[in-house]
Amino acid sequence: MLRGVDLALPARSLVRVEGANGTGKSTLLRLLAGIDAPSEGRITGRRPRTAYVPERFPAALPFTAAGYLVHLGRVQGLRTADAADRAHEWLTRFGAAAYARTPLAELSKGTSQKVAVAQSLLAEPELLVLDEAWTGLDTEARGELDRAVAERVTAGATVVFVDHDPRRLAGTVDTAYRFEGLGLTTAPLAALDPRVRVEATAPPGTPLPAGLPGAPAYTLAADGTASLSVPAAHSDALLRALLTARPPWHIGGVAPVPDPQPHRSTTRDGDRTP
Amino acid sequence: MTALIRYQADLLVRSQRWLAPVLLYLAFLAVGVRSGEPVLDSLGYTAAGMLPVTAWLVRVCVTQEPPAARAVVAAAAGGQPRAHLAALLAALGCAGLLGTAATAVVLAISDPASTDHSVRVPLPPAGAAGLLATACCVLLGAATGALCGRPLLHGRGWSVAATVLVALLALVTAGSPAKAAVTGLVSGSLTGTVHVPVLPLLGAAAVAAAAVALACRLTAMRG
């Protein structure tokens, strides 16, 4: 049950909702997605074209993955041919193209979740509501969903999400709300992972060792000087890997990377106010 | 709305849960309809059987999706009422097709005569009366299914019990449009006169519209 909840969803924004289990996150998301109507209070504004991804998508439906997506694309207003093309495109992006002709009932839990996520992106929704949509996806698909969310926001849509990982889409979230008691308060935005820069030197022409911890971003100069940046949690492991490499790297310096501004400066055009 | 109905109808066809009510109806017809029997009697019987069968088909359609799939469709469709309406209309459409086909077969194989085979019964008005009576029963069956299932009754046991009871009452209670339409056919058969049930059809349509509207409105609040 929710009471005294007041929030506005501007266009072109990414909104995070957090709170302990059972505080009403899913209820709020269902109200925002237009699935349920509030028994008191109201939701104002034009109903945007909406798509919703539930936390668990038990796929006990007698369709193939592609067949289901085509139906959902048509429900969202696409023509059949468009719906089929986009179904294929999104299944491919999430690495599930091989399962297009597989009955939903035979899909693994993760692949069903990919189908659930794909349906929400078919028709470029104006409001995308993700209730722990990342749960059950493999790492590549999680990254792809992060990118898809960023694309939707860039295209002017509103994306509202719940996820247990506090770092999910950190740095791109515009507003975060937290459930406390029966109310909803604005929550501080999760900062980006602090990063550490490592300067290292080796004889000119030495490549960096493969598979460095923390997948560092790096620049490698011709004189054998490398500058690597990793999340702070991986810096020790990175140093160890560099020092024990053959030939070993000489560490020239280790320093924290200044925190980039977590807020994006975007222009807000038009407010959607459910 | 077309896409939604298409989705629901495809779901119904592929789920094969339509088989039980349709087979029951065929068995019911096989027991009660014989080639060469008086046409109006057989039409009345055929129409009456459609009422519980439609209620069953509606029940199948409104319960065939898992809640998560229903939520996904409701969000895409702009709310649960629209999604629920599509499920009800898909069931109504399938029941309408079944009833029309059964009526056509009965018209083709029955003897166009009164019960004692003494008075000729003209086939076109008999066919019209049979179709309208079937429509009455289909509409009341849809109303029954809509009121005795989700979102008004959630428990399976209560829902099935209520569906059976209300379907039976809709067929035998005086004043029910279905009872009026079926009785009109069967009693007309005694004298060979055709009563086209226009008023009962209007009544059944009003009841069905009210029941469907109520059920759809409630889905947004009670699931």
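**Close-up views of the contact between chain B and chain A**

**View 1. Polar contacts between the chains.** Four residue pairs are in polar contact between chain B and chain A, both residues at pLDDT 80 or more. A polar contact is a pair of N or O atoms within 3.5 Å; within protein, one must be able to donate a hydrogen and the other to accept it, and residues adjacent in sequence count only if both atoms are side-chain atoms. Zero salt bridges are found across this interface (side-chain nitrogen of Lys or Arg within 4 Å of a carboxyl oxygen of Asp or Glu). The model is predicted: local features need pLDDT of at least 70, side-chain atom pairs count only at pLDDT 80 or more, and totals for chains, interfaces and linings use all residues. Residues are numbered from 1 along each chain as its sequence is written, chains are lettered from A in the order in which they are written, and side-chain values use heavy atoms, without hydrogens and water.

**View 2. The area buried between the chains.** Chain B and chain A bury about 2000 Å² between them (accessible area, 1.4 Å probe, lost on being put together, summed over both). Carbon and sulfur atoms give 71% of this area. Tyr7(B), Val72(B) and Ala75(B) supply 25% of what chain B buries against chain A, more than any other three residues.

**View 3. Helix α2(A) against α4(B).** Helix α2 of chain A (residues 65-75) packs with α4(B) at an angle of about 30 degrees, their axes 9 Å apart. Axes are lines fitted to C-alpha atoms over the stretch in contact, and angles run from 0 to 180 degrees between N-to-C directions. Helices are DSSP runs (H or I, at least four residues), numbered from the N terminus. The two helices, α2(A) and α4(B), are therefore roughly parallel (angles under 35 degrees). Tyr68(A), Leu72(A) and Val75(A) meet Val72(B), Val73(B), Ala76(B) and Ala77(B) (contact: heavy atoms within 4.5 Å).

Terms used:
Buried area = accessible area lost by both parts, 1.4 Å probe. Parallel < 35°, antiparallel > 145°, perpendicular 65-115°, else oblique.
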